[in-house]
Amino acid sequence: MTLKLSILDQSPIQEGETAAIAFQHTIALAKKAEELGYHRFWVSEHHDLDHVVGSSPEVLISHLLAKTERIRIGSGGVMLQHYSPYKVAENFHVLASLAPGRVDLGIGRAPGGLPLSTKALQPDEVTTRKTLAEKLVELERFLHDEWKPGQPFYGLKVTPTPPQPADLFLLGTSIASAELAAERGIPYVFALFINHEEADCLSAMETYRQQFRIGKKGTPEAILALSVIVADTEEEAEQLAAEAKIVKIHLNSGRTLTLTSLKKAEEFGQQSAEPYKIEVKEANVIRGTKESVRNTLIDLQHRYQVGEMIVTTPIKDFQKRLYSYERLREAFSELTVS
C-alpha cells in the first residue's frame with residue numbers, strides 16, 4: 001500500500017516574532033511542500049491562543065492558493081459550530097472557483113479556542129443552536145445544491161458555482177466523530193497527535209469503516225493525523241521533541257480538552273466557571289532519524305490501514321521545522337526508488 005504524505009500547519013508564532021513573520025513561514029512551508037511532492041497542505045483554525053495565529057483559514061487558504069500551483073490546499077479545520085453553513089459554503093465555493101480541483105474543506109468538532117471566544121463567535125442563545133450533525137447536513141446540501149422541495153432552503157443557490165466543489169472531510173478524535181463521518185459518507189481524519197490513545201483510534205477507525213454509508217465517496221477514506229519530528233540523529237530528535245507539551249484540562253462536567261499552553265488551560269478553566277484540573281504531559285510525537293521514523297509510520301499505516309497521513313511538526317525554530325519536513329519526504333522518496 002502506497003502512503004500519501006500531507007502537512008497540517010498551525011501558523012505558530014514564537015517569542016520575538018510577529019504575526020507577519022509567522023504567516024510568512026506558513027507561506028514558505030506551503031511552497032516547499034508543493035516542491036517536495038506532499039499531497040495536500042492544510043491550515044488550522046484557532047481563536048484567542050497565544051502560540052498560533054491562524055484564526056481565519058479561509059483567508060489564509062486563498063493566499064496560499066495564489067502562492068502555489070498544484071498542491072491541494074485546505075482547512076484542518078473550519079469549526080462549523082461557530083458559523084452559518086451557507087456562509088461556509090459561499091466561502092469555499094469562491095475558493096474552489098479560484099483554484100478548481102485543489103480545495104479541501106476539513107470540518108473540526110472542537111471550539112478552537114476558549115469559552116469567551118466561543119461566546120463571541122456564537123452570540124445567539126444556546127437553545128437556538130443546531131447540532132454539528134445538523135449543520136454538516138446543511139453544509140453538504142449547500143455545497144452540492146441538494147435542497148429538495150419542502151426543505152427549508154429549497155431554491156437557495158450558493159454563488160459562485162465552481163467547476164468542482166471543495167472536497168469535504170470530518171476531523172475528530174473519538175468514536176462519535178467517526179460515526180458522524182460514516183453516516184455522512186465522507187472522509188474521516190483521526191487526530192492521533194491530540195488523542196494519542198491507540199485503542200481510541202483503532203475503535204474510531206473500525207467504527208468508521210463498519211458504519212460507512214455510500215456518499216460522495218464510494219468507499220471509506222480514513223486518514224491519520226500525527227505529530228512527527230525528523231532529525232539527523234536520534235538524540236537531536238529527542239531534544240526537539242522535548243519542546244512539545246500537551247496540556248489537558250479536565251472539567252468537573254466531564255469534558256476534557258487539549259490546549260496549547262498551561263496559561264491558556266488556566267484561562268479556559270477560569271472562563272468555564274466550573275471546577276477543573278490541569279494535566280501537563282509530554283506530547284505524542286513520533287521522532288527520530290528518517291529511517292526510524294519511516295519504519296514507525298509504515299507500521300502505523302499497516303496497523304490502521306490508511307493510505308494517507310497528515311503530519312504536523314512541533315519544532316519552534318522554523319528552519320529546523322522545514323528541515324524535518326524535507327527529511328521526512330526524502331525518507332519516503334528513497335523507499336519508492338528502492
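Are Tyr208 and Phe212 buried or exposed? In this predicted model, Tyr208 is buried, and Phe212 is buried as well.

## Aromatic pairs

The model holds nine aromatic pairs by the rule applied here. In one of them, Trp147 and Phe153 have ring centres 5.3 Å apart and ring planes at 70°, and because edge-to-face pairs are those with planes over 60 degrees apart, this pair counts as edge-to-face. Tyr208 and Phe212 also form an edge-to-face pair, with 5.6 Å from centre to centre and 80° between the planes.

The partners in the Trp147 and Phe153 pair can also be described by their accessibility. Trp147 has a relative accessible area of 7% and is therefore buried, whereas Phe153, at 30% relative accessibility, counts as partly exposed. Both residues belong to a cluster in which ring pairs link Tyr86, Phe142, Trp147 and Phe153.

## A charge over a ring

Another arrangement that involves an aromatic ring is found at Tyr323, where Arg327 lies over the face of the ring, at 4.5 Å from the ring centre.

Ile194 is located in the loop that runs between strand β6 (188-191) and helix α7 (198-211). Its relative accessible area is 31%, so Ile194 is classed as partly exposed.

When residues up to four places away in sequence are left out, Ile194 touches Thr173, Lys248 and Thr258. Val103, by contrast, stands 91 residues from Ile194 along the chain, and the C-alpha atoms of these two residues are separated by 24 Å.

Technical notes:
Residues are numbered from 1 along each chain as its sequence is written. This is a predicted model: local features need pLDDT of at least 70, side-chain atom pairs count only at pLDDT 80 or more; totals for chains, interfaces and linings use all residues. Side-chain values use heavy atoms; hydrogens and water are left out. Helices (H or I, at least four residues) and strands (E, at least two) are DSSP runs, numbered from the N terminus. Buried means under 20% relative accessible area, exposed over 50%, partly exposed in between (1.4 Å probe, protein chains only). Contact means heavy atoms within 4.5 Å. Rings of Phe, Tyr and Trp (its six-membered ring) pair if their centres lie within 6.5 Å; planes under 30 degrees apart count as stacked, over 60 as edge-to-face and the rest as tilted. A charge sits over a ring if NZ of Lys or CZ of Arg is within 6 Å of the ring centre and within 35 degrees of the ring normal.
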